[in-house]
Amino acid sequence: TEIAGDGDALFEAGEVWDIRSQWFHRAHGFEPFSVAKGSTVPGEYAPVSEVRFRHHTGSDTTRVTMVFPLTNVGAGLMRGEPAEPLNHDPSDHASILEALNDLVVSAILVDMFPTGLPEEAIILDWKDKDPDSYLDPTHWRVTVLLGSSYTAPDPTGEYFVWTDAYPNVEPGDVDGDNEGDGDDRQFINDYIAEYDALDGVVDGSVTISGFAANFSVFDVNHDGLVDSTDVALVGESNCEVIPTVSQWGVAMMVLLLATAGTIVFGRVRSACVAR
């Protein structure tokens, strides 16, 4: 919706646009293990929300803002409707609380009925969490993925060029403590020992099924295998710039959360992984 502009379908100086899309998409890695419903893919939590692009001519800057409810009470207030109960369905009243509650319920079910897939580790820790404990935005860690559009149509049909990430990625930091060290090497070795036979061959290597749509944090050099090479690359500084993926996929944005405060993303630095 073009709130202020000349109607030529080009975002230009002084214009204000509101664009509705699935801006607040939860991480794809949860989908095979989630009981969420109502989206395009089973397990997907991708509610439709609205983002405003406003260009300020005086400073020649564009501010991108999004309002998204923390709770279903906030969702009801935004829609002028009574709040709906948490129901794992982002197609009606959706909120951060509902998305997190779905992770908790799904993790409990996965713990009761294991899938045997190594990727289920991404959700299992949520089984003991309280979603209400994660609703204060001042305690959130921000991950930013930055990109731009192609100057000409891409022959493969891609729309974006991913160029940068914040915070900087520490090569081989598989446990998320911002260091690539002996603990990370042990995590990778433990992963190999536990899942080596999953591909039918015990050879000191784990083949990632469906690579690269599927990936593993233990695959440090992103070759589709988790092996001794990845262990050796932990902490190496010889790397090239690649993007990382945030759980909520929002870049360079001011989040004006219903019933919450404001978060402004700062300058983005380059990110890299060992090669």
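pLDDT is the predictor's confidence in each residue, on a scale from 0 to 100. Helices (H or I, at least four residues) and strands (E, at least two) are DSSP runs, numbered from the N terminus. Across residues 238–275 the pLDDT is below 50, and beyond near neighbours in sequence this stretch has 128 contacts in the model, a contact being heavy atoms within 4.5 Å. Where pLDDT is low, the predicted coordinates should not be read in detail. For the protein chain as a whole, the mean is 82, with 85% of residues at 70 or more.

Some ground rules. Residues are numbered from 1 along each chain as its sequence is written, and side-chain values use heavy atoms, leaving out hydrogens and water. In this predicted model, local features need pLDDT of at least 70 and side-chain atom pairs count only at 80 or more, while totals for chains, interfaces and linings use all residues.

Next, the backbone. Most residues other than glycine have a negative phi. His-88 is not a glycine, yet its phi is positive, about 65°. His-88 sits in the loop between α1 (72–79) and α2. Is His-88 buried or exposed? His-88 is buried, at 18% relative accessible area; buried means under 20%, exposed over 50%, and partly exposed in between, with a 1.4 Å probe and protein chains only. His-222 also has a positive phi, about 55°, and belongs to the loop between β7 (206–207) and β8 (225–226). His-222 counts as partly exposed, at 34%.

Now the rings. How many aromatic pairs does a search of the whole structure find? The search finds seven. Rings of Phe, Tyr and Trp (its six-membered ring) pair if their centres lie within 6.5 Å; planes under 30 degrees apart are stacked, over 60 edge-to-face, and the rest tilted. Phe-11 and Phe-53 are edge-to-face, because their planes meet at 70°, with the centres 6.4 Å apart. Phe-11 is in the loop between β1 (2–4) and β2 (16–21), and Phe-53 is in strand β3 (residues 49–56), 42 residues apart. Phe-11 is partly exposed at 31%, and Phe-53 is partly exposed at 22%.

Phe-24 and Phe-68 make a tilted pair, 4.5 Å between centres and 40° between planes. Phe-24 and Phe-68 are both buried. Finally, ring pairs join Phe-11, Trp-17, Trp-23 and Phe-53 into a cluster.
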